[in-house]
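I opened the model to look up its strands, helices and their packing. My entries follow the order in which I went through them.

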Amino acid sequence: MVNGKAGKALCAAAACMLALGGCGSTARTESAQAPVRAAPTPVVQQPATATTATAPGVASGKTLVQWLGQAATRIITPGGKVIVIDPWLTTNPRTPEGFRHVHSLGKVDLILVTHAHMDHFADAPAMARLYNAPVYGPAGLNQSMVHLGMLPSELSPRFNKGGTISPLGPGIRITATHAEHSSELTWRNPATGKDETHVGGEPVGFLIELENGFKIWHMGDTGLFGDMRLIGEYYKPDLILIPIGGHYVMDPKDAAVATRDMIRPRYAIPIHYGTNPQLKGTPEEFARAMGNSPIGILNMKPGDALQF
Ligand SMILES: [Zn+2]
């Protein structure tokens, strides 16, 4: 279904992003045709600064999605729950200064970790303890966290790919999906001072269905795989957060094939680029590779937040 009114609303939001410096100059959003399904209007929040690292206001019934660099993402649900995915904040070079502390988010109800690599996992145990919020990740990672004494078992429950959980109540459903990656857990043993590698489970993505039915797929770190099409057809995510940096994950061309030809969401936020020299892919390359697809590419700066 093509919805021209929704397309105009999206264009207005894109202009707003450009004015705030939240959009790359060649991002395709401004020329986006109407999304395939009826589109909510993303409303851009002011980018975070050192003094504004508090929860942004969310309009009633809306979902806020805030990207904090690499894969770190904060979601505030329509019911006011705060979900943090892949919290690497304290040493993340792309995270705005005001968010580089585990206490900077103010409130966290649930932490999701896609795999054990430090650019996704680093601050999860400290954040879980501070907010008394459980960490859900690959089962093997959760088991290692308990066995290594990083977290008590009540903050490190197990679930696994294909399973769906509702730890925040029945209105929010979280399903772990496949991701084509690895998940070693490296840890410095305090008794020996030596680095060790432990079981980190299998990497996952998270399909999150919110109270109002809005569906977000945070894909974690992944290469291209055929079941992206199945996941797109079966779960019908409205919004995907998709890695584009290359080297360890999909590059912009792969990500465009996944988005345009396989998953077909309404919106895509490119993530996992620009934090180190190997992650060369850019949102501009991703937008170019998407061609004239009607899917809205939302090019964010770390700290930017959108409402849906
Ligand atoms: Zn990564």
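This is a predicted model: local features need pLDDT of at least 70, side-chain atom pairs count only at pLDDT 80 or more; totals for chains, interfaces and linings use all residues.

Entry 1, the parallel pair. I started at P243, which stands opposite I271 in β14. These two residues belong to strands β13 (residues 239-243) and β14 (residues 267-271), which pair in the parallel sense over 5 bridges; strands count as paired if DSSP finds at least two bridges between them. I then looked up helix α6 (residues 252-263), which packs on the sheet and touches β13 and β14. The direction of α6 makes about 150° with that of β13. For contact I used C-beta atoms, placed from the backbone, within 7 Å.

Residues are numbered from 1 along each chain as its sequence is written. Helices (H or I, at least four residues) and strands (E, at least two) are DSSP runs, numbered from the N terminus.

I find 7 helices and 16 strands in the protein. Of the 308 residues, 53% are buried, that is, 20 or more other C-beta atoms lie within 10 Å of the residue's own, with C-beta atoms placed from the backbone. Among contacts between residues at least 6 apart in sequence, 66% join residues at least 24 apart.

Which strands make it up, and in what order? I read 7 strands with mixed pairing, in the order β7-β8-β11-β12-β13-β14-β15. β7 (164-165) and β15 (296-297) stand at the edges with a single partner strand each, so one side of each has no neighbour in the sheet.

The axes of helix α5 (residues 227-235) and α6 come within 9 Å and cross at roughly 50°. That makes α5 oblique to α6; angles under 35 degrees count as roughly parallel, over 145 as roughly antiparallel, 65 to 115 as roughly perpendicular and the rest as oblique. I took the axes as lines fitted to C-alpha atoms, for helices over the stretch in contact, with angles from 0 to 180 degrees between N-to-C directions. At this crossing, M228, R229, I231 and G232 in α5 meet A258, M262 and I263 in α6.

Strand β3 (residues 73-76) pairs with β4 in the antiparallel sense over 4 bridges, and I76 stands opposite V82 in β4. The two strands form a hairpin with 5 residues between them, and G80 in the turn has a positive phi of about 90°. β4 also pairs with β5, in the parallel sense over 3 bridges, with I83 opposite L110 in β5. Both faces of β4 are covered, with V82 and V84 buried on one side and I83 and I85 on the other.

Which residues of helix α3 (residues 124-131) are buried? I list A124, P125, M127, A128 and Y131. Seen down the axis, they fall within an arc of 165°, so they line one face of α3; the arc is that of the directions from the helix axis to the C-beta atoms. Their cover includes β4 (82-85), β5 (110-112) and α4 (139-147). Just after α3, N132 takes a positive phi of about 50°.

Methods. A residue is buried if 20 or more other C-beta atoms lie within 10 Å of its own, exposed if 12 or fewer, and partly exposed in between; C-beta atoms are placed from the backbone. Two residues are in contact if their C-beta atoms, placed from the backbone, lie within 7 Å.
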